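Please open the model in your viewer and keep the selection tool at hand.

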Amino acid sequence: MPDTLRQNQDRDVTLITPTAPISAPTHGGRAKCLQRLVRLDLPVPRTVALSFGTVHRIAAGEMPDVRKILAQFPVGVLLCVRPSSEDPDWGGPGSVLNIGMNDAAFVDLSDSIGAEAASALYTRFVQAYAIHVARLDPDVFEEIAGSGQEALSEVLRCYEEEAEEPFPQDPAVQLAEVLRSMARAWEGTTARLLRQAKGAPVDAGLGLIVQEMALGLGLGERGSGVLQLVNSDTGLRQITGRYLSQSQGREALESGEAALYMERDPRGPSLEELEPEAFETLKHYVALMREKLRAEMQIEFTIENGRVHILDGVRVKRSPRAALRIAVRLAEDGIISRQEAVMRVEPRGLSELLHRQIDPEAERDVIGRGVAASPGAATGRIVFSSSEAQASAARGEPCILVRRETSPEDVRGMHAAAAVLTERGGMTSHAAVIGRGLGLPCVVGAARMGFRLHDKLLLAEDGRRFREGDTITVDGTSGQVLAGAPRMIEAALDDAFHIFMSWADAERDIGIRANADTPADATTARNFAAQGIGLCRTEHMFFEADRITPMREMIFADCPKDREAALARLLPMQRADFIELFRIMEGMPVCIRLFDPPLHEFLPSDRAGLRDLAEALDLPVSDVTRRVESMGEYNPMLGMRGVRLGIAVPEIYEMQARAIFEATLEASKEGAPVVPEIMLPLVSACREVELVRTRIDAVAAAVRNERGREFDYSLGVMVETPRACLRADEIAQHAHFLSFGTNDLTQMTYGLSRDDAGRFMSHYVQQGVFAEDPFHRLDADGVGELIRIGVERGRRGNGGVMLSICGEHGGDPDSIAFCRSAGIDYVSCSPFRVPVARLAAAQLAIKDKIG
């Protein structure tokens, strides 16, 4: 090997000292943390760090000089090798302990700690080496019985028989093989995929640390343990840990036994077995690390002859609720800034605080998987129709509404259910959008399950059958469907949450509104500090039992006069809806989208429904059936809907405009004046805006004359067709605002059905056709280019136009980053996604400030 290459490799094998060139991007987080502990003058055993480059070369077959590594340690000591990735959450191969244990070391240890303890130590090392380094069959070693030297002799015999060579006695050979095994394990396909799932880049490196073992043996106080000052689940102050006696040994600590104990009593009897002086020393060390390393830390320690050794320090594992509380307390204690506290919480993790979740430690009996469409988890009995869901709610029994796909007729059933499961659909399907608005756990697109609604039967992916009334759990956070009722964790919105969110709001520079269709949605939006309503979909208001009949009468009317008569019955209901919304959102903007869906969605399709409609309208069933069939469209999503309906059947929009204006005057009697925003859906030509605006202005003038009072309103356009983006300069001249409806815009740009794409989208993402589901994360290249064109041309046509996004992308952190860069004024999303959006926007603003 050339001398230059050898010198570079030697520099990449570094003894950890206070001044050694160690950094997380080159040697990993564990190595850097150990250096920080050394700088704090904590009792850390002698440690050597191998860089990412060295480990990569080891995996390729280029070994460093192992004997030079061994020369860094006293002769005869035992060593351990542990992984050191850049981010501890990315994991790595398991640690290997007691390297250097051989026949000679066994003799020496037998004299100092006894033959029984030395035999156990040697036996465990041979077994670990055989399984994890030599890759021998673990079953062979699990069958070894007995203890002491008898078990040691048997395990050495089994190793020689399986490996066809004696167990290596040279510590250099042992260390070399351990390093090679761990390096290759990191670069294996399975390990790479696992860490990529945790957010690691494809080329993430691994460092390794070789450390002198402090065995926790001897005649005085001795043992091993872990300790932290905070609860990993709650984030509350709590001394937590476990102390393992000499007989339990450090292998139990490394194998995870201590981690199991961590979930039990905060201190537990074993910690209390520590001598008071050692216990106080450990608490002092952890508190010092918290202050100097600016994080809640867990230490791994051993005590040998009464002397404390700190083997490692890692950030405590923490649930999302714990992460938030820890960040707030660190900032309040002056250890980190508020800005840094805001940056330390993952926006998507906030969802776990807003909803009930399945306990991470609970057993999961998974029976199906789909798209995680609305976060949170709920347990209930299976029902297969909205009427059954409402009946179950009336009895006080939680239920799970199971449908092939939901429609507007199912909204009442969704309100009654604890969660929703559908066979079809994606992130922007009806069930997903309404579920997120209601804060209702929802899994859609579970196509590998069997949905036999006529038989009232749900088939699991493994073939198990679940009938109506059986209990299942829907986990909308993971997309899993489970049998039974696993243990849950309740939502947690305490003072720390509100303090944290106030810090986030102080930093963000983009507005956050909520999509809210009902008073309940508006109340949730207000509670989550939304800055108004960015999208109120009025069509959902027409499916209530007292409204559906006049709605259908209007649809069946043969002339404008008859339509007006039917709509007159709906007017006071719409007016009452808007009055309540305006009062809840007092002082904040409310953007109301006028009627959007095709009319046939309000008509029954089954025989019983057609009979009921015929009876209500006093018409023959044959006439009703023929009329319903005549209203069918080949592609209703691109047919008679949106502004097209408002132009063809203008009485609908005129009724809604009158309801909005009369509600504006009523709600303005008390409190701040209301200035409603009226939005026209599915616009593609400026002439459409001109026609509808003329009629709405006329209604406004009529209401002013009738009431003798003035009011203001703004009129805007929902930009959800590619043509509207391209002609935004013309359209903006007739509008006060443009709001990009990214759900339909994505659908029309891609030519994808947002309700059906879930059937194949996972295959597209897995094979790299799309980096992500474009209905989940905004396509910045294609759809994003149309939005940028719309923004630029819209402002060119009207310099004062307000620009926003009101599709579900408004709650996605990555999509919000695009919105800020594109010059969007505010985003609007489902109420339960508002905190996520607020935090994501704040973090983006902070990143810009700090460069």
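Cys819 is buried, with a relative accessible area of 1% (buried means under 20%, with a 1.4 Å probe and protein chains only). The model is a predicted one, in which local features need pLDDT of at least 70 and side-chain atom pairs count only at pLDDT 80 or more, while totals for chains, interfaces and linings use all residues. Residues are numbered from 1 along each chain as its sequence is written, and side-chain values use heavy atoms, with hydrogens and water left out.

The structure holds 0 disulfides. Select Cys591 next, which is in no disulfide and has the sulfur of Cys806 as its nearest cysteine sulfur, 7.1 Å away; Cys591 is buried, at a relative accessible area of 0%.

Now move to helix H16 (residues 320-332) and helix H22 (residues 495-507), which pack at an angle of about 70° with their axes 9 Å apart, the axes being lines fitted to C-alpha atoms over the stretch in contact and the angles running from 0 to 180 degrees between N-to-C directions. H16 is therefore roughly perpendicular to H22, a term that covers 65 to 115 degrees. To see the contact (heavy atoms within 4.5 Å), select Leu324, Arg325, Val328, Ala331 and Glu332 of H16 together with Ala496, Phe497, Ile499, Phe500 and Trp503 of H22.

Note on methods:
Helix = DSSP H or I, 4+ residues; strand = E, 2+ residues; numbered from the N terminus. Parallel < 35°, antiparallel > 145°, perpendicular 65-115°, else oblique. Disulfide = S-S within 2.5 Å. Buried < 20%, exposed > 50% of the residue type's maximum accessible area, 1.4 Å probe, protein only.
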